[in-house]
Amino acid sequence: MRAEWRTLCAADDMRVRGKRITVSFANERSHDVQVLDEGDSYLLTAVVAEADDLDPGQDAARAAWRRNRHSSLVGFRIDEEGRLIAQAWTPKDGLTPEAFHTLVRTVAREADRYEFWLTGSDDR
Amino acid sequence: MRITVRTAEQLLDFNRVIGNPQRATDQLEGAVAVHNILHRHRIAYLADEVGMGKTYVALGVVALLRHFAPDLRLLVVAPRENIQRKWQRELGVFTEHNVRLDDLRVRMPGGVPVRPLVHCADLVELLEETAVGPDRDFFVRLPSFSLPLRRDEQQRHRFRDRLRRQIPWLPDDIVDLRANADVLKDRFAQAINAALPFFDLVIVDEAHNLKHGWGRQASARNQVLATVLGRDRDDVDPRLAPTYGSRAGKVLLLSATPVDDDYRQLWNQLDLFGRAGSFVSLRDPDASEERKREVAGQILIRRVTSLRVNGRRLTKNLYRREWRQGGVEKHDEPIEITDDRQRLTMALVQKKVTELLGHERFGARFQVGMLASFESFLQTSKATPEADEETTGDTTSHFDGDEQVSDAAERQGIDVPMLDQLARDHLQRFGRELPHPKMDALVNTLASSWRDGRKALVFVRRKASVSELKRKLDDEYNDWLIRRLRERIDRRHHALLDAAVEEFHQQRMQRVPAAANDGGHDSEEDVGGEDTFFAWYFRGRGPDGIISGARIQERFRNLGSGLGTFFDDNHVMALLGASPGQVADALAAALGEERDKSERLLREYSRHYLSSAKQPTRGARFDAAQAAALELLAEIPGTHQPRAEVIWRELYLPKKQGGAVAAEAEPNLLETTTFFTELRRRASLRAALWPAPASADLTAQVREQHVRAQLLSAAARLGHVFLDLYAVVTDHLPSLNPAQGTEPSDEIVTAWLDELQRQADTPPQTRGWSAYDELKSLADNHGLVLDTTLPELRRADLREASTLVGRLLTAQQPVAGMSGRVNRRLVQQFRLPGYPLVLICTDLLQEGEDLHTFCSRIYHYGLAWTPSAIEQRVGRIDRVRSETERRLTVPRDQVDGEDLLQVHYPHLADTIERLQARRVLHRMNDFLRLMHQGLALPAPGDSRLDVAREVHADGGMPPVPAELLTTSFPVRDEHLGGRDRPLAVDDSRVRRQLDRFAALSRGDLPGASIEWERGQRDPASLLGSTLLADGRKQPFSLQLEREGHALVVRCVSPIGRVERDEQWRELREWSASCQIRIGAVRARRGTYDITVEEDVLLTDRRSDHIRVAALIRRVTGLVDDVERPHLPERDRPLTDFRPELERVGRHAR
């Protein structure tokens, strides 16, 4: 069973625009999640912080990797532009709307939490 | 949703460890009541009497809440670091024993908690850890809320900088260190609040420490705690106001002594968390006491402890025997002063003290703690402030607690200069120390400990008293030990022994007395010392020129020595039921081979268990022979196979190396007799010291037998038992001269067992406390010892068992002193039979630490002022499964006073101290009346004592109430009213989920070629290696986890260790272009510190194989992508990573 992702994200807290889903939270914050179709799987990503927002004195990649040991469903990495990215991966096979919702919300929530930790604000 | 007891008992079984159905019922009802109170009021107070298992009830509440809401986030605030660690230990024990099912919400298969436990050393670490992963259980300690901002500049800067790293967006002026310390603390607390996640449940242990509440009269620590947790306030900094808010959902307060003498103190504690609104009557002076009890009883429950003794129920006032008249020898009689010198000294000191108190500054009133003479007449040095604010709060170095005296000038002891002068004069004129009858009486009493093995816990007020008492007791012990050795050891050794004793005395006279009373080193290495002849002669390196105890001890440890295998077990001999000399034949027969071939196979197999050392030690070869024979037996179907496979898997499989070395083990090593092979042949002795495990499960049997063996052998080598073992060894040495002494022979095994048998056959009264008694006590209480002191041994890699046990039992001392900081090892040793027999401490150990397992007597040598402090102290030895409880609850003909729990208040009659003791005991009675029904209420206490008034008051000591106690705060019917509901998941559903997970290793995983590991114990974990297209093999683990209500499978594949900065840089650069989820292990020990990990949600069961196959392909493929270009030589097999990969479950990450 393989469903196209747009058919999987009908939910009150999710708004789809192009390849992007905006997830709204109860505390009036929100975060954008991008969906990348990789053929057999989807990769969901969200920008946590731009390179300029990261402290150059800190090893942001290593901090993110340490966080990855404890996070569930979502991971973090520094991309080629130096941005801090949250990402989750899922095979398309067997993907249900509930599982997709869980994944999208987890990426948005954890990216938002990390963003707040770094900046104290909600820019995404 | 409120629940019923019927619902809760489906999940929890409180009786499993304690074996006390009534107590278990109380605990279950307590957990349900607290659960329901929290549901209704969002705050609850559990005030059960000390030792009733409040921690367990609280953990039951956590389990109930989390079972129905698996996302529950928990924060535990403990009063001190040792108790913080105890909570973590207890959570593991509770989950394993008291949670009935592996629901994957509270408990994972194997009995481990689902959530990882995080120990935070301070608030910045709490911030850091919650940022890394908030969905774990966090443990902090109350002193961390003091914030180290008052001391030196560097410390302030360091703290500020650490805080900024965790909250990088903090505006500069908020962390401007030029602000006043209180303002700064408040701002920092608000900032911490902004960055902390919300905790669904906050547990505060020993919450009476917060009795001064919120406001100007309260400590800065209280203000910080309340602010960090987001207490409502209208003066938050405007820049932090948008993020400031409550971080505590439900709040559970725990203390056996919630108030001392006023319900206002309870209101203060509720108010600190902003939850006092509905309970204003508690602070209303016009409200009746009945009204206050009624209001408090809505949220507070307290049960009284009782023991059923010979069919009669006894509450604590009846099963404790209090020595209120001050004596220590004969019950309810004062200390007798027979010596004229002592009598004169006391009269002189009392005269001086009375004159001092008559000074206008004091007006004949004094505060508890301000007089040093109650404890010691020795010279006392001037107080210096503690370096670390966090460890002691705001006190100076004479005390560990904060309620002894409130005036800094009095802390040193107002009588110290006078005493110093008296002591100096006495020493100059008479050439000896000023006698202190109270201390001398106590020392005389405690000196019987090493004769009868009875432990004693002594609380003092002043740190200096710890070292003084310890020194005097050490002197007594030395006299006893040296006499005992001379009596026991053969005459031919006396000359050398006497010389060693002389050398010891000389060295001891020259030593520099220890400045701190921290109980000495807590390191793994035992450095010996000069405190006692035991430390000097039996521990550390020991003296030169004699075969000392230390030297014999070293031979037991040395695998090359003849004694190196003394305490090993010959598993093969036992398994085959063979006698020495017949093992090789029995092995050949079991394998169905000729003996030559069997021996050839054994040699060949053994080469995989030896190191590449040219000449492996005899001990290493013995081990390799065992491993090889067991592996061979595990391969051949037959009666021996199941047991051989388990022993081999638990003890030897992890040691097996892929390649064989040149060295090999000779088959005749299988004929080796050891202490354990011979103990098996002595049925009664074995039953007493090393009983056969009762479990029907083979793995459990093997594990228990091995763990028991490790405990027995470590106890025999490292403590009081070793005195007897050493004596037996010396019987077989021609001389104690190292140049003449030969290696002890095999006959020592028999001689040592004969000695133990002789002791077993001799009544203890006629021979004194001996090796047999300690070893038997250890064996009889094996489960208790593991639960209270070594819970990790139940699941540890068995190869680590001897190290864990050895580390615990090393560096034993007959008398331990502790102040300033907790020495973990000494505390743990006190929970075991044997040394230390006496533990002297300040109120450092007053709260939370369990010392009850083998101790039934306590001495309030330095009397605390508040009933709560005294009750907390007694509570250390009055707990579930205490020695007293075990002794009293077995059927017996009669109970006499000696059988009860002994509580001593040593003091001298006709002194000012007696006035203090009398006031304190009156307050104790008042406290009992306040917390129990039908008793009059007290007036508020005053910690100053008016000497004139007290002298003229009725002189008698208040008696202990003689009636059964009944609580004023029972569990009410309304607390237990709820709805019966089924568990969120039951056994069958969990089994289906585990079967579903296990099925992954059985069916075909599309596109993945996998070799699964055999014989894995944890049903929520699978280990395997996948064969990649390029021929490399990549190991990985799969873990079954849970995210909210959904099941998740996580795949972790290790890359290895990245050691150089350059490698880290390369990895960073490479990973930027790759959508890879790298995991970095924080502790840089072990075989890997970098992984790739990813997880998938399980959806429809029919999709499991295809989804998990995709997961494995992705993770192992990405690891291969990293390793090929960056770590080309790193293609390592699963066996290299196995022990760590087995532990990557969520609880252990």
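Predicted model: local features only at pLDDT ≥ 70, side-chain atom pairs only at ≥ 80, totals over all residues.
Residues are numbered from 1 along each chain as its sequence is written, chains are lettered from A in the order in which they are written, and side-chain values use heavy atoms, leaving out hydrogens and water.

Chain A holds 3 helices and 6 strands, taken as DSSP runs (H or I, at least four residues, for helices; E, at least two, for strands). Their order from the N terminus is α-β-β-β-β-α-β-β-α. The radius of gyration of chain A is 14 Å, which agrees with the value near 14 Å for a compact globule of 124 residues; the radius is taken over C-alpha atoms, and the globule rule is 2.2 Å times the number of residues to the power 0.38. Of the 124 residues in chain A, 56% are buried (under 20% relative accessible area, 1.4 Å probe, protein chains only).

In chain B, B:Arg1107 belongs to helix α45, residues 1104–1126. B:Arg1107 is buried but has no salt bridge (a side-chain nitrogen of Lys or Arg within 4 Å of a carboxyl oxygen of Asp or Glu). The nearest side chain of opposite charge, B:Asp1104, is 6.3 Å away. Leaving aside residues up to four places away in sequence, B:Arg1107 touches A:Thr90, A:Pro91, A:Asp93, A:Gly94 and A:Leu95, along with B:Val1096, B:Leu1097 and B:Thr1099 (heavy atoms within 4.5 Å).

Definitions and conventions
Buried < 20%, exposed > 50% of the residue type's maximum accessible area, 1.4 Å probe, protein only. Lys, Arg positive; Asp, Glu negative; His and termini not counted.
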